[in-house]
Amino acid sequence: MRVEARVAAPGASCPCCGEWSKRVHGSYLRYPSDLPSCGRPVVLALRVRRFTCPDASCPRRTFAEQVVGLTRRHGQVTERQRKSVADLGLALAGRAGARMAALLGIRASRSTLLRRVMELPDPVVGTPTAVGVDDFALRKGHIDGTVITDAVTHRVLDLLPERDAATLAPWLAGHPQIEVICRDRASAYAEAADTAAPQARQVADRYHLWANLVRAVERTVMDHRPCLNSLPAVEPEPEPQWETPTPTGSDTAGPVDPTGRMADRRREHHALVHQLLARGMGLREVARHLGWGRHTVQRYARAKHWQDMVKGQRPRASKLDPFKAYLAQRWEETGGKITGLALLEEIKQRGYRGSYTILAVWKQDALADPDSMPPPPPAPTFRQVTGWLTRHPAGLTHDEEVQRKAVLAHCPELDTAACLVTAFACMLTLLEGEHLTDWITEATSSALPGISSFAAGLNVDRGAVEAGLTSHWNSGHVEGAVNRIKMLKRQMFGRAGFPLLRKRVLLA
């Protein structure tokens with residue numbers, strides 16, 4: 001499609017001195033590239049006039065007229081195509097953007113897309129009153145940067161190439177209206193805030209506080225590993241089984257209700273969920289009220305009877321079932337001298353398609369000597385114990401609750417650590433920061449290696465920690481911005497420099 005056009009205005013203003021001129025010096029044709037129309041390429045033939053500047057003192061003797069919103073000086077594409085190419089570069093970066101541009105009928109290389117992105121002006125920061133600060137990895141393990149977000153609108157305000165106080169302090173000094181700074185517990189950000197924004201209230205993020213406490217508890221548990229190794233064996237409670245009574249005469253009785261502690265809990269939880277649902281509460285509201293997962297509440301709600309929630313009474317079929325009789329026969333013929341690998345090869349020739357693990361588990365359970373003592377259960381690892389101490393009690397299984405109680409009863413120091421973790425969790429979730437001083441005193445006096453050091457660190461950063469435990473400000477939006485930065489980095493295969501990454505984060 002060919003479109004011929006010319007400017008209807010009688011004159012134009014000189015771009016150098018601004019004088020209006022009607023003296024036409026000459027004209028020529030320009031062919032700026034435009035967006036395709038209905039899948040067909042568009043050829044724009046624009047008649048452009050060149051005017052003579054009436055100001056004799058102006059250094060520009062003649063000038064060419066420009067169409068606002070359509071052309072620019074030395075431009076070979078229209079403004080709307082330039083904007084479309086920049087949008088593709090922001091969304092898809094170089095190579096992927098070039099492939100999409102070719103599908104849309106736009107001729108633009110990957111370098112052109114990146115140049116259009118770098119030509120875009122930075123967005124206006126404005127006057128934010130609350131900001132969030134966190135670090136992100138420009139190159140994992142080598143170079144870190146700083147991301148600054150608006151804590152109210154959750155918009156990324158700026159990216160800085162370093163994560164030290166010398167880089168953040170000038171930015172904070174240029175925005176004296178900031179009243180709240182949400183940050184992690186890095187000393188560099190605290191130093192920058194104290195130096196460049198003394199009027200701002202610093203807020204330590206609750207997520208980072210809890211993460212620091214988990215690492216402190218892990219160190220405490222590692223220091224008491226001998227207690228875990230000497231822990232007496234804890235027998236797990238067996239799963240409740242269906243008991244089928246022996247029929248008498250012509251009576252055919254069905255399965256009776258399962259018994260045991262697990263069955264009692266299933267009965268109570270099933271009745272509680274259906275009682276709350278009968279009051280008109282929704283599934284999400286019941287989950288928040290009980291502190292359970294939504295899917296857990298959904299399973300109880302869908303179960304018509306509480307017996308349906310008891311699992312483990314009906315064994316699942318195994319790929320090894322058709323070969324168990326042959327395996328037992330071969331074991332008796334060889335007197336238990338045949339290896340598991342030899343048995344595996346024999347049953348594979350007879351059609352077995354399972355793995356060796358299934359055979360090894362069955363061999364250990366079915367072919368073991370009944371008179372031999374079973375091996376003692378392994379001692380819990382320090383990571384398991386750390387999870388038992390730092391997870392919500394509602395998220396622990398029954399076996400984990402039993403093992404947790406056994407560990408705390410065997411090691412008084414870990415019992416003290418569990419009490420301190422519970423008290424800190426209450427402060428964190430209920431925003432009861434006024435109890436922080438008592439907690440620090442108690443944690444310091446406990447002389448636990450990890451938790452005492454954590455309490456001493458809280459005492460150094462007391463103001464920010466108290467603000468984090470009493471106010472609603474947090475750094476959740478900053479963590480979301482960091483995840484988005486990671487996505488953009490992966491989209492560019494990690495090869496983009498900081499200027500291009502900054503443009504895409506601020507404008508995409």
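Arg462 and Glu466 sit 4 residues apart, about one turn, in helix α19 (residues 462-470); helices here are DSSP runs of H or I with at least four residues, strands are E runs of at least two, and both are numbered from the N terminus. This is a predicted model, in which local features need pLDDT of at least 70 and side-chain atom pairs pLDDT 80 or more, while totals for chains, interfaces and linings use all residues. Residues are numbered from 1 along each chain as its sequence is written, and side-chain values use heavy atoms, without hydrogens or water.

**Salt bridges**
- The structure holds 21 salt bridges, each a side-chain nitrogen of Lys or Arg within 4 Å of a carboxyl oxygen of Asp or Glu.
- One of them joins the side chains of Arg462 and Glu466 (3.8 Å, N to O).
- Another pairs Asp135 with Arg163 (3.0 Å, N to O).
- Asp135 belongs to strand β7 (residues 130-139) and Arg163 to the loop between β9 (156-160) and α4 (165-173), so this pair ties together parts 28 residues apart in sequence.
- Arg2 and Glu4 also meet in a salt bridge (3.1 Å, N to O).

**Accessibility**
- Arg2 and Glu4 are both exposed; exposed means over 50% relative accessible area, buried under 20%, and partly exposed in between (1.4 Å probe, protein chains only).
- Arg462 is partly exposed at 23%, and Glu466 is partly exposed at 29%.
- Arg163 is partly exposed, at 31%.

**Cysteines**
- You will find 0 disulfides here, a disulfide being two cysteine sulfur atoms within 2.5 Å.
- For Cys17, the nearest cysteine sulfur is that of Cys53, 3.5 Å away.
- Cys17 is partly exposed at 31%, whereas Cys182 is buried at 0%.
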